[in-house]
Structures are given as C-alpha cells and as structure tokens.
Amino acid sequence: MSRNENRLGSEHSGAEAPQQDQKSILDFVLPTEFVDLPSQGKFYPKGHPLHNQDNVEIRYMTAKDTDILTSKSLLKKGVAVDRMLQSILVDKAIKVDDLLVGDKNALIVAARISGFGDEYATKVTCPNCGNVASHTFNLGEMEILEPDDDIEVSESGTFKVVLPKTGVEAECRLLKGQDEKELLKISEKRKKLSLPDELLTSQYKLFIVSLNGETDRGLVEKFVDLMPAFDASFLRKMYNRAVPNIDMKQDFTCSECDHEASIDLPFSAEFFWPE
C-alpha cells in the first residue's frame, strides 16, 4: 500500500502571490509502496542490500518514467524496462541487474499496477482450438510462489543438491537479471554462427557455483557437458523447486470452444503500453 499518497503540500490561500500558488502545485511527495519479494531476501549473499529483506520500496511511476519506456534507443538495446525499474527504486544501492529473476518480475508487475492499474487486457491463444481472443488479467490477484520448505539456503545465498547418478554435490545459486542478459548474448552468438542452441547447459554453467567444493569454472563447465541426463533432469527439478517467483498463471475460458485452462500472463507490448 502507498504510504505517502495523502502527503500533499499545505494549501495556500488565493490572496498569496502567483509564484506561491505555482510552487504549491509541485510541492508534494510522490507516493511510494513496499513490494513483497518472492525470495524474502534469502538468496542474496551477506552484504547485498537485499540480504534477508522481505520487501523493497519503490515510488510510483511518473510521466518521465513512461518516456524511458518509449525511448527508441533504449528499446532497441532492450534495456528500457530495466532503466525504468532502476529509476523507481528508492534505495539506489540496489541494482536491477543484481535482482533475482522472480524478485524482478514482482517489481515489474508492481510498477505496472502503479502506472496503469490492475487490469491488463491483451490477446491470448486458446491451447485447445487455437482461437486468438482478448482476455483481461487481474494483476492484483497474482500470488507469490515460495521455495519448497526443504531447500536449505546458506548465508551466501546458495543451496546444495546431491546428484543421484554421479553422487556429486552441486552448490547452486539462483539466476539474476544479469544472467538473463548473458544467456541471451550466448544464444544470439550461437545463432549467428549457425550453431545449435545450448540454453540448458548454459544455464547450468551459470548457476552451479561449485562441485564437491571445487569452484574452478573450467571444471564446472566440463562436468556440465559430461553430466548424465538423469542428473541434469534432477538438477533442473531441484532448481525449479528452489526458485521464488510470482505465479504468472491465471484461469482462462475460451469464448470459442469453452475450453478451460490456466495460462501464463504474456509480457507483450501492451503490458507497459496499454491502448
């Protein structure tokens, strides 16, 4: 909830000078709100500004922030949303690239609600008949998905998984916003070279911190390439159980075939640029 929404400047009488009246128009404090972090700060290492913090303060979006979202140069670079998020974070010691993916998603949704409201109207495709229709998501109803209770998180924000086939203990961390950018660069580079995509192994190489205590990156990358498929599948399942996020799914009923399903909220162009 906003803590400053009623904090306007004191009223001025009509008898005062025009410059005083003009000043009063701008003499207010922008509302802010505290956004609950899906991670509850548990996966940030000691020393990080969000270590063990269960929420973060943001201010409401302004007209200037919408300029950031519509900047052609920033959109071309793919950094418009990140720049906007950095702008609205109250604590400037927090960097968007260092946010866990789930926490970043929570901030994106909260920022969108503050700027354009709870309702998000967009086009969705029925998974049963393929019909494309309009659907309105209620962003205010999105819930937090917490990590499974048996995931033990260290002070450095990592957790350990013993792989069933090799018996190797893998220490893992959660992916951050910067990691998403790195994965995109790797994918684009391989595409330019006409090489097959290696999204899964690239993710493993990023989120595995150590193997049986060994932190050498060359060793980690070689192990990932040779890791039995059974271990790779198990590691992926354990990672997904550890990831805190917001629930992107909402109920949907097709107007054409009456099929009922739970569909993912699409981050399409309309999300920050509603008609």
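This report walks through a predicted model of one protein chain, from the whole fold down to a few single residues.

**The chain as a whole**

Let's start with the big picture. The chain is built from 9 helices and 11 strands. It has 275 residues, and 39% of them count as buried. Now take the contacts in the chain with a separation of 6 or more: 62% of these come from residues 24 or more positions apart.

**The largest pocket**

Next, the open space. The largest pocket holds about 640 Å³. Its lining is made up of 23 residues, and those closest to the centre are Gly-78, Val-79, Val-81, Asp-82 and Lys-104. Which helix gives the most to this lining? That's α6, with 6 residues. At least two lining residues each come from α3 (72-77), α4 (80-88), α5 (101-116) and α6 (177-192). Sorted by class, the lining has 12 nonpolar residues, 7 charged ones and 4 polar ones.

Helix α8 runs over residues 217-226, and its buried residues are Val-220, Phe-223 and Val-224. Why do these three sit on the same side of α8? Because they cover an arc of only 100° around the axis. The other side of α8 has Lys-222, Asp-225 and Leu-226, which are exposed. So what do the buried residues of α8 pack against? Their partners are α7 (199-207) and β8 (208-211).

The N-terminal end of α8 has a cap too, and Asp-216 provides it. A side-chain oxygen of Asp-216 lies 3.2 Å from the backbone nitrogen of Gly-218.

**A look into the loops**

| Residue | Relative accessible area | State |
|---|---|---|
| Leu-100 | 4% | buried |
| His-48 | 17% | buried |
| Gln-40 | 30% | partly exposed |
| Asp-258 | 58% | exposed |

Two of these rows deserve a word on the backbone. Gln-40 has a phi near 55°, a positive value in a residue other than glycine. You'll find Gln-40 in the loop between β1 (32-36) and β2 (55-59). Asp-258 also isn't a glycine, and its phi is positive as well, near 65°. The loop that holds Asp-258 runs between β10 (249-253) and β11 (260-264).

His-48 is in the loop between β1 and β2. Is His-48 buried or exposed? With a relative accessible area of 17%, His-48 falls under the 20% cut-off, so it counts as buried. A polar atom of the His-48 side chain lies 2.9 Å from the backbone nitrogen of Leu-50.

**Leu-100 and its contacts**

Last stop: Leu-100, in the loop between α4 and α5. At 4% relative accessible area, Leu-100 is buried. Which residues does Leu-100 touch, leaving out those up to four places away in sequence? They are Ser-39, Phe-43, Tyr-44, Leu-174, Leu-175 and Lys-176. Take Leu-174 from that list. In sequence, Leu-100 and Leu-174 are 74 residues apart, yet their C-alpha atoms are 6.8 Å apart in space.

Definitions and conventions:
Residues numbered from 1 in each chain as written. Predicted model: local features only at pLDDT ≥ 70, side-chain atom pairs only at ≥ 80, totals over all residues. Heavy atoms only, no water. 1 Å grid on protein atoms, 1.4 Å probe; cavity = no way out; pocket = protein on both sides within 12 Å on 5 of 7 lines; lining within 4 Å. Points joined across faces, edges and corners; volume = space filled by probe spheres on them. Helix = DSSP H or I, 4+ residues; strand = E, 2+ residues; numbered from the N terminus. Nonpolar A, V, L, I, M, F, W, Y, C, P; charged D, E, K, R; others polar. Buried < 20%, exposed > 50% of the residue type's maximum accessible area, 1.4 Å probe, protein only. Arc of directions from axis to C-beta. Contact = heavy atoms within 4.5 Å. Polar contact = N/O pair within 3.5 Å; in protein donor to acceptor, adjacent residues only side chain to side chain.
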